[in-house]
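Hello,

I am passing on the structure we talked about, with some notes to go alongside it. Please open it first and then read on.

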Amino acid sequence: MSCALIVLAAGQGSRMNSDLPKVLHPIGGAPLIAHALRAGAGLEPDLTIVVTGHGADLVEAQLGKLDPELRSVRQNEQFGTGHAALQAKWALEGFEGDAVVLYGDTPFVRSETLIRMREARAQSDVVVLGFEAANPGRYGRLVTDGDELTCIVEAKDATPEELNITLCNSGVLMADATTLMTLLDRISNNNAQGEYYLTDVPELARQDGMTTSVVTCDEAETLGVNTRAELAAAEKIFQSRARAEAFENGVTLADPATTYFSLDTFIGRDTEIGPNVVFGPGVTIETGVKIRAFCHLEDCHVSRGATVGPFARLRPGAELSENTHIGNFVEIKNATVAEGAKVNHLTYVGDASIGARSNIGAGTVTCNYDGVFKHRTEIGEDVFIGSDTMLVAPVRIGDGAMTGSGSVITSDVPDGALALGRARQENKQGFATRLMRNLKAAKARKAGKVD
Ligand code: UD1
Ligand code: MG
């Protein structure tokens, strides 16, 4: 069965008090809408349509970055959830299959839940996702008759008896796409809020002799983000879910409460993560890696058997091959480190490549920036870079070459050569003894004068 997602994301989100549209506020390093889209992706949709409105330009620009296949339609004025879903009508022309309505500000709906809804569609024409609310408050109430969903009543339109119902509407709804659009064409705004309610769909369907039902999920899945406080709470929920997932995937977390993940973090089995590690977006870690305490990683790839940290920073474009060692106070940016190479202490490697088995001494800096342009440093295989070497890029160090400690390397070093780029040492016999004697005598004379 083909499937189309309709993701509602036109609302203002005024309670965020922000210039940024609500669905672009991040949790787990990714905009809220990316979370909703990921849940929907579990249904393997043939078509995804996002309904934009407030901040449409910004939202559409972000959608383009997430996935160029995403379609967007505009709801220029927000007349309600039913009106929003109806904007997808033209984008759905010629599409045959089911449509699923999701909210862009509701990040935790599980793919498995959506799959259960699809299964329920075999028995009924319209399926709504409901939940038992601890505090039903302003949620729409699901009025049921046995397994059938009679109708959805918005809190503002409900009778006192209906307000006693605790089975509430999550907002997620699934039906045949053409049927849904036909029903949405018929809804009116004759209600307490003067809005076109998506929630009128089940009742209209029943009037046409169709069947309707409810699939339920945990309330935690339906949590929406409306305020900064809810955004912070959602971040917490996201992180605890991500930690639980890491455990299931065979990852060891020394102090899980201090490991922070992004939506797209991927970590292989038998990797060990020390305390206080932050994974920004775009990180993949293979199996059997050790990330020690206090590391920050972003947009990088770490291959199997590597060791990183403590206190290391992997910035965008850091690419570590198998069995590499990156030690304390080392920063790697836009650089490849080939198999078995070691960068163990106090070093900056940027815009560079380091060949297999090379050893980069403490305090090495690739001087990659001349104030205007960035330049590359190429280090061959089996190279030994002495401590405190400044590699002034563009520069190439040949295979098996060495640099002396404290060298400033400004020109290429041939294969197998030793490069010394520092002043020659000179020893002045007896100089230190004489200097010290003279200094002490001067001090004694000065003290005598003062007394
Ligand atoms: C809606 C449901 C309610 C349910 C609740 C769950 C309706 C009428 N009510 O109420 O039954 O319990 O969600 O959270 O559907 N949106 C648009 N365009 C609009 C209006 C809304 O895109 O014109 C989007 C919003 O950006 C948001 C979503 O639709 O992502 C839900 O809208 P919201 O105003 O929060 O609906 P509720 O009043 O919470
Ligand atoms: Mg809402």
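Phenylalanine 329 has a relative accessibility of 48% and so counts as partly exposed, where buried means under 20% relative accessible area, exposed over 50%, and partly exposed in between (1.4 Å probe, protein chains only). Phenylalanine 311, at 37%, is also partly exposed. Please keep in mind that this is a predicted model, in which local features need pLDDT of at least 70 and side-chain atom pairs count only at pLDDT 80 or more, while totals for chains, interfaces and linings use all residues. Residues are numbered from 1 along each chain as its sequence is written, chains are lettered from A and ligands numbered from 1 in the order in which they are written, and side-chain values use heavy atoms, with hydrogens and water left out.

On to the rings. Rings of Phe, Tyr and Trp (its six-membered ring) pair if their centres lie within 6.5 Å; planes under 30 degrees apart count as stacked, over 60 as edge-to-face and the rest as tilted. That rule gives four aromatic pairs. One of them is edge-to-face and joins phenylalanine 131 to tyrosine 139, with 5.0 Å from centre to centre and 90 degrees between the planes. Phenylalanine 131 is buried, because its relative accessibility is 0%, whereas tyrosine 139 is partly exposed at 21%. Phenylalanine 311 and phenylalanine 329 make a stacked pair, 5.1 Å centre to centre with 15 degrees between the planes. Phenylalanine 311 is in the loop between strand 21 (307-308) and strand 22 (312-314), and phenylalanine 329 is in strand 24 (residues 325-337), so this pair ties together parts 18 residues apart in sequence. Ring pairs also link Phe294, Phe311 and Phe329 into a cluster.

Two rings have a charge over them, meaning NZ of Lys or CZ of Arg within 6 Å of the ring centre and within 35 degrees of the ring normal. Arginine 138 lies over the face of tyrosine 139, 5.1 Å from the ring centre, and the charged end of lysine 374 is 5.3 Å from the centre of the tyrosine 369 ring.

Next, the strands. Strands (E, at least two residues) are DSSP runs, like helices (H or I, at least four), and are numbered from the N terminus; two strands pair if DSSP finds at least two bridges between them. Elsewhere, strand 8 (residues 141-145) and strand 9 (residues 148-153) run antiparallel, joined by five bridges. Their hairpin has two residues between the strands, and glycine 146 takes a positive phi near 65 degrees.

Finally, what surrounds ligand 1? There are 20 residues around it, of which Gln75, Gly80, Thr81, Glu154 and Asn169 come nearest (near means a heavy atom within 4 Å). Polar contacts here are pairs of N or O atoms within 3.5 Å. Among them, an oxygen atom of ligand 1 is 2.7 Å from an N or O atom in the side chain of glutamate 154, and one is 3.3 Å from such an atom in the side chain of aspartate 105. The protein covers 83% of the 760 Å² of accessible area that ligand 1 has on its own (Shrake-Rupley method, 1.4 Å probe).

Best wishes

How values were computed: Polar contact = N/O pair within 3.5 Å; in protein donor to acceptor, adjacent residues only side chain to side chain.
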